[in-house]
Amino acid sequence: MRKSLIAVAAAGLTLSLAACSGGTTPGATSSPSGDVSSPAASAPAGSGTVTIWVDETRVETFNTIGEGFTAATGVTLDVVQKPTGDIKTDFIAQAPTGEGPDLIVGAHDWVGDLQANGVIAPVELGDKVSGFNELAIQGFTYDGQLFGVPYAIENIALVRNNGMVSDTPATFDELIAQGKAVEGAQFPIVIQQGDAGDAYHLYPIQTSFGAPVFKTDASGAYTAELGMGGPEGLAFANYLKKLADEKVVSVSLGGDQAKQAFIDQKTPYMITGPWNIADFEAAGIDVSVLAVPSAGGQPSAPFLGVQGVYLSSQSENALVANQFLDYMASKEAQDKLYELGGRTPALTESADAVDDPILAGFAEAGKEGQPMPALPEMGAVWTFWGSAQVSIITGAAAPEAAWTEMIANIESKF
Amino acid sequence: MTAKLANGDNDVRLRGGRWWAQVGWKHVFALLMIVYCVFPLLYVLSASLNPTGTLTGSVNLFSAFTADHYAELMASDFPKWMLNSFIVSTSTAVGTVVMAAAAAYAFSRFRFKGRRGGLTALLIIQMFPQMLAFVAIFLLVLTLGKVFPFLGIGSNITLICVYLGGALGANTFLMYGFFNTIPMEIDEAAQIDGATHAQIFWGIVMRLVTPILAVVGLLSFVGSYGEFILARIILARPENYTLAVGLYVWGSDERNAPWALFAAGAVVAAIPIILLFMYLQKYIVSGLTAGGVKG
Amino acid sequence: MSSTSTETPRRVSHARDFTRPGFYVKLVLMMLVNAFGLYGIMASFGQEKWALLAFLAVTLVVVDFVYFSKRAIPAKYLLPGLIFLILFQVYVMANTAYVAFTNYGDGHNDAKGPAITQIMKTADRRVEGTSTFPVTVLDRNGEIAFAIVEDGEPRIGDAETPLESAGNAVVDGERVVEVPGADVLNLGQIQQRQKEVLDLRVSMTDDPNDGWLRTDNATMAFVAKSLLTYDAQADTFTNQDGKVFHADGERGLFVAEDGSTLTPGWKVVVGFENFQRMFTDSRLSGPFMSSLVWTFAFAILSVLTTFALGLILAVVFNDPRVKGRTFYRAMFILPYAFPGFLAALVWRGLLNRDFGFINQVLLGGVDVNWLGDGNLAKLSIILVNLWLGFPYMFLVTTGALQSIPGELTEAAVVDGAGPLRRFFSITLPLLLVSVAPLLISSFAFNFNNFSLIFMLTGGGPNYPGTPAPIGETDILISMVYAIAFEGGNKQYGLAAAMSITIFFVVGLVSWLGFRQTRKLEEIM
């Protein structure tokens, strides 16, 4: 025992020390200013590599896009996989150290936070901007400036199990009545909520009452004025209470439970996004994608989420990174991104070529939609919004009181 | 060692009522505990075998069966992560055991200035909220990596070093308490025989404390095996990930998480811990101390 | 242990006795450590990492002293662990303490220099309505120049000279392809000199109001102008309307008279402001007391329940007559073998009110609002933490149990003590001596057990209508998170100040508890 322990310890130490001294002796004797770069440091300028952070689901896509880019320019795209929830935080923390990536893939509503921290650089697409979906560009525009190249748009819609119902009425109340009449259905429709609420999935219903989160100006851009404060907002709050009383929404129905209910054919309808369609089809369900019927009389308008690529303001390789962004704006790249990612392309020319009925359904449902607001304060807005909806759904507070309280809390943030 | 039992009873065959009163109920208790331990994990197992679906959406467990996800798992980066985890956790466990035991030996066997204060400080330092540790550690590792290239971002050695930063602390205390139960007379006898402090430490004390070495080794192995907050900052790239980081990455995307793959990964990841524990059990309950004291 | 060197009156450590291999092992190790340390000192000098240099130098001196000295024997055993502790743990504490006195966080993410660069970069915008030009990048006598075709006419300019026509340039369609007296740079050359290319601003005309030509990607150039001008002397930005933004060194922002600011700001030391905010923030004072009480209750109950269950299991199955206990023990470790975040996710599903396994199957369809009712949510947290935490206590007590000499319990049996009395009067007190510090450290761990609360309830159910998203199950550290990182707006400075304050609270409590265990130890 004794011998072996000493031997293990000594061997371990010797090995690691030998590794250090062996591997680094040249560095020690070189000039003091000699650059000993860390292995993960981004490549020096001119070597023709740009580093991009992407999340788990997009690694393959961007590896393929990288091949196309290399073929076009000779520059290598180094695709680094990061956890979805960490990309933004880690990027903000690491960019100032100079060790961050040149580019990141992310959602358009990060733009406010990223710009407030000065970690992204403006992007100039020149005349190519006009080739993009206007809303996609609007999403990545902050303070009058474009901060990324969008490539895909997604939004939620009404997904119907065609095996359970074959036609859908024009109003939400009728839809509930229809869903309740379906034999074998436990729910008329599922809308995921969860303990923290989910304002995003309720938003199409809220907008049908004419209560958008912020008012928009003539150009369609958000103003800082809350749009959900007036009687329209209160009308929605009361309607939400009614939905809760009818057990259409419930905090115990989270994303997992809602999805499972649809897969188990316990409900003919679900309000969800394109990310779940593959699993539905794998479960053998024939689905149609439709606009969410209006509950409050006006058209329902879900939030649009735009995916795109941001450029780091600290990139040592900004010119090459810009060349990649230029490539991202090409039809070739956008077609490929669609092929691999299955979301509506942001480039109009590529989007027009898409003839998938499911995606067409989502695009139709998002016709009235606006990109999610990207203000840095939006995080706090989501929290209060979800929390107030939970209070209404659980009955912890009267609908109008909870809503008014929420508006006051949100306004105190501006 | 089976001749004398902890409760003093001799190992005789018990029958009927007496067996139930003294031994039988323990089996019932064990079964109840196993149900408590296992049933939440059935969800994970069920999800890993289900071709579609969600982690917690359904109470109909094992409604469908496929081994595809395990095959998929082996084709992914998972085996690489497992290897990384073994390297990191084994090194951390060995380093922790040696350093904590050495420190416990010093605290238990020597009287020196600042001993009490040092012990208290070790305990208190561990209580510092590590909320901002990820920012600090990242900056530190960047600096270290500039000076010692093998200690930079993306290196297993860096991660092991960071984990060894926690080698003292609770582990030292656990060992310290155990060391204190070994009579000083043993050391003194060895000293008279001419043994040096190093010989006493490596040759005598370390043998007598095998159970606690095994416990600390296991705790340290499991601790580093499951740690992902610092590991994901330091390892940075999927090819360097440990299991915990890899699983965290799979499970972190609420919308697109590959739950089945994630669940399969968690099941496979748990197996080495169980095997390691089964292996270490004989050391943990070896009761060598008693023999040593008597001998 | 017998040794051949008993003849010598003073024992010589084998590491000193050069006839022994121990001596050479030590010598080689020390040589390596010194080589490593000296290399590190030189490299940190080269990299200008002064703090690390100081740390390495001091450490090296201490190491050499400790291991070459005949005295300082305890230090020989403590030093390896201490070096790692100081480097990785004490450093984190020091860094957090420093951050507590700064405004580091969203909006103040970097130093002032990068902030100014970024403000200038975002102010340099394309002039609306102007055209873009395919650009050719040239090297003219070592200087980078741009060549474009405007209205069919080739024009060239560089940093010194505004665009001027270059009649002798060869044009192919929209692009200049050849210029006498200058080299057209290819993609590789441009990449080599990308900084120069990106930084180049070629004035359109002699009038600065006409803007300048620049490019981001070396294929397309556009006309741009800056909305702000920076005066380095006065340290101010002035916009086109003449509004002046002064650098405010106390807030780390460029601020105008009317209060408007430029983004981003920068990191500055703000003194005790974060601590002040913590005590004056009305959003904290409301739920603070109830959260404090719950934090203590949670931490204490977690320790007691996990320890009790772990101890019972350890004692009950420390019985060789129980066949299959190797297997039983392995099963008890299962909760410990799964990643904690996965367990919290699964438990959240199990406890779901309408769809969870516990309500639907175990309790036969009852409607218990486990996570939605304040008291039940607290109970759920304790129960889940019991599941997560008892294997640790089980392991620790199983190990510690082995140190209790058999003679003691045997003696008690002779005295006629029953099993329960034997347990409470002999086993438990002896066990507590070695385990009590762990109970304290487990208390401290649970006091700051942010991840469990965050993953299981997120602090909820929230107090309805409060101006901060704080809930009934929030412990102090998760409350810190809710306030300092509210809605993803990260205020690291405030979070650091709050963590330090919590550290003082839990440290003090633990220190008092630790003093008690010392008494316990002395009694035994």
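The legends below describe close-up views of a predicted model.

**View 1. The two domains of chain A.** In the domain assignment, domain 1 of chain A covers residues 49-154 + 305-370, and domain 2 of chain A covers 157-301 + 377-411. Taken over C-alpha atoms, the centres of these two domains are 28 Å apart.

**View 2. The contact between domain 1 and domain 2 of chain A.** On one side are 14 residues of domain 1 of chain A, and on the other 17 residues of domain 2 of chain A. Helix 14 (residues 357-365) of chain A gives the most to the domain 1 side, with five residues. By class, this side of domain 1 of chain A holds six polar, five charged and three nonpolar residues.

**View 3. The two domains of chain B and their contact.** The domain assignment of chain B places residues 12-66 in domain 1 and residues 69-294 in domain 2. A distance of 29 Å separates their C-alpha centres. Domain 1 of chain B puts seven residues into the contact, and domain 2 of chain B also puts in seven residues. The side of domain 1 of chain B that touches domain 2 of chain B has four nonpolar and three polar residues, with no charged residues.

**View 4. Helix 9 of chain B.** This helix (residues 197-208) has twelve residues. From first C-alpha to last, helix 9 of chain B reaches 15 Å, close to the 16 Å expected at 1.5 Å a residue. Its buried residues are B:H197, B:Q199, B:I200, B:F201, B:W202, B:V205, B:M206 and B:L208. In general, residues three or four places apart in an α-helix point the same way, because there are 3.6 residues a turn.

Definitions and conventions. Residues are numbered from 1 along each chain as its sequence is written. Chains are lettered from A and ligands numbered from 1 in the order in which they are written. This is a predicted model: local features need pLDDT of at least 70, side-chain atom pairs count only at pLDDT 80 or more; totals for chains, interfaces and linings use all residues. Domain bounds come from an automatic or database domain assignment. Helices (H or I, at least four residues) and strands (E, at least two) are DSSP runs, numbered from the N terminus. Ala, Val, Leu, Ile, Met, Phe, Trp, Tyr, Cys and Pro count as nonpolar, Asp, Glu, Lys and Arg as charged, and the others, Gly among them, as polar. The expected span of a helix is 1.5 Å times one less than its number of residues. A residue is buried if 20 or more other C-beta atoms lie within 10 Å of its own, exposed if 12 or fewer, and partly exposed in between; C-beta atoms are placed from the backbone.
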